[in-house]
Amino acid sequence: MHRVTLLPGDGIGPEITAATIVVLEAAGVELQWERFEAVGLAGMERYGRPLPEAVLDSIRMNRVALKGPITTPVGKGFRSVNVSLRQKLDLFANVRPCRKLPGLRTPFEDVDLVIFRENTEGLYSGIETYDERLEIADSTARITRRGSQRILRFAFEWARVNGRRHVTAVHKANVVKMSTGLFLKEAIAMASAYPDLDFDHRIVDNMAMQLVQRPAEYDCIVTTNLFGDILSDLCAGLVGGLGVVPGANIGDSVAVFEAVHGSAPDIAGQGTANPTALIRTAAMMLRHLGERTAAETIEAALRQAYVEGCWLTPDVGGSSTTMDFAHRLAERVASKQGEA
Ligand code: ATP
């Protein structure tokens, strides 16, 4: 029995979480959920704070959480709960595998990238001021040597353990010389400790262009917080969109699993959101929990569903609802588990 903190989130979060639980139940892993609904705006309304301390305590205790998206008000209101969680729990590594599902029609056939995004510092450090008199806004992109080293080490180790061959560090050290210059310097130093892996580095704007022209030439990409946020949405676009890309936030002692996408307010409540990203995210969580067979069963059932192309959601060309997709997938998962 694994005890896991569950944050369904808001927007499409509750819909895709319900769908993911249906699939996890079919996989037969014993999961005991500790569920928190009142986070983000709901947390503000009920407790006067977007991220109640009980949520952090639960994640620290259980060491693993599955999380839906939580809306952040634009330009005002409370600080992003997604960012606060990563900082308060020191979840320094954001891992986002972008691998095309067979059957999905996309511009490139063989994209298989993993993005490692530094998750706690950079332009998302939260060091921001506004001088009313001078009407000047400052946001500090703080990058530390320690923060750079640990995400770089994580990416190189992950690449080695998972049989990848190439790591690309992404920066803007030609212009933002101090902060991203430090990241680049540490990346070059770290690469020398991994002679078995090929290494190169790219300036972020060039990287963006290369990714839409020759994505198959890249393998593992490690970068700072803002660049990682942007490039991972770009890479999601290469492999079928935000509805299909999973993610994990990993720290030294806890891990929070969440899809790359946000709360998608434009389609919330319609029952048409694609739960694939969160289901793949849950499979990553199962691997982390040592439940490899169940993770592989879910991933195989997903691949089969996309190859057959039936009962998919509208974002990937189908017309199914979120829950129809989940129930059909759960049937496949249960029958594969039965065969095993
Ligand atoms: P944030 O900045 O909060 O991380 P985002 O930039 O990732 O958000 P989303 O809220 O995820 O943006 O939505 C961007 C677009 O992708 C929207 O048009 C939304 O409808 C679509 N989208 C996101 N997730 C899904 C999903 N699971 N299923 C279908 N469409 C989705």
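Q: In β7, which residue is the bridge partner of Glu 128?
A: The partner is Ser 139. The model is predicted, so local features need pLDDT of at least 70 and side-chain atom pairs pLDDT 80 or more, while totals for chains, interfaces and linings use all residues. Residues are numbered from 1 along each chain as its sequence is written, and side-chain values use heavy atoms, without hydrogens and water.

Q: What makes β6 and β7 a pair of strands?
A: Strands are DSSP runs of E with at least two residues, helices are runs of H or I with at least four, and both are numbered from the N terminus. Two strands pair if DSSP finds at least two bridges between them. Strand β6 (residues 128–131) and strand β7 (residues 136–139) have four bridges in the antiparallel sense, so they pair. Four residues lie between the strands of this hairpin, and Glu 135 takes a positive phi near 55 degrees.

Q: How do you know that β8 pairs with β9?
A: Six bridges join β8 (residues 166–171) to β9, and the two run parallel. Ala 169 stands opposite His 201 in β9.

Q: Why is β9 called an edge strand?
A: The open sheet of 10 strands has the order β2-β1-β3-β12-β11-β4-β5-β10-β8-β9, with mixed pairing. Strands β2 (31–35) and β9 (198–203) each pair on one side only. The twist averages 25 degrees from one strand to the next, with axes fitted to C-alpha atoms and angles from 0 to 180 degrees between N-to-C directions.

Q: Why is the pair of Phe 92 and Phe 154 called edge-to-face?
A: Rings of Phe, Tyr and Trp (its six-membered ring) pair if their centres lie within 6.5 Å; planes under 30 degrees apart count as stacked, over 60 as edge-to-face and the rest as tilted. Here the centres are 6.0 Å apart and the planes 90 degrees, so the pair is edge-to-face. Phe 92 is in the loop between α4 (81–88) and β4 and Phe 154 in helix α5 (residues 145–161), so the pair ties together parts 62 residues apart in sequence.

Q: What makes two residues in the lining of the largest cavity nonpolar?
A: Ala, Val, Leu, Ile, Met, Phe, Trp, Tyr, Cys and Pro count as nonpolar, Asp, Glu, Lys and Arg as charged, and the others, Gly among them, as polar. Five polar and two charged residues make up the rest.
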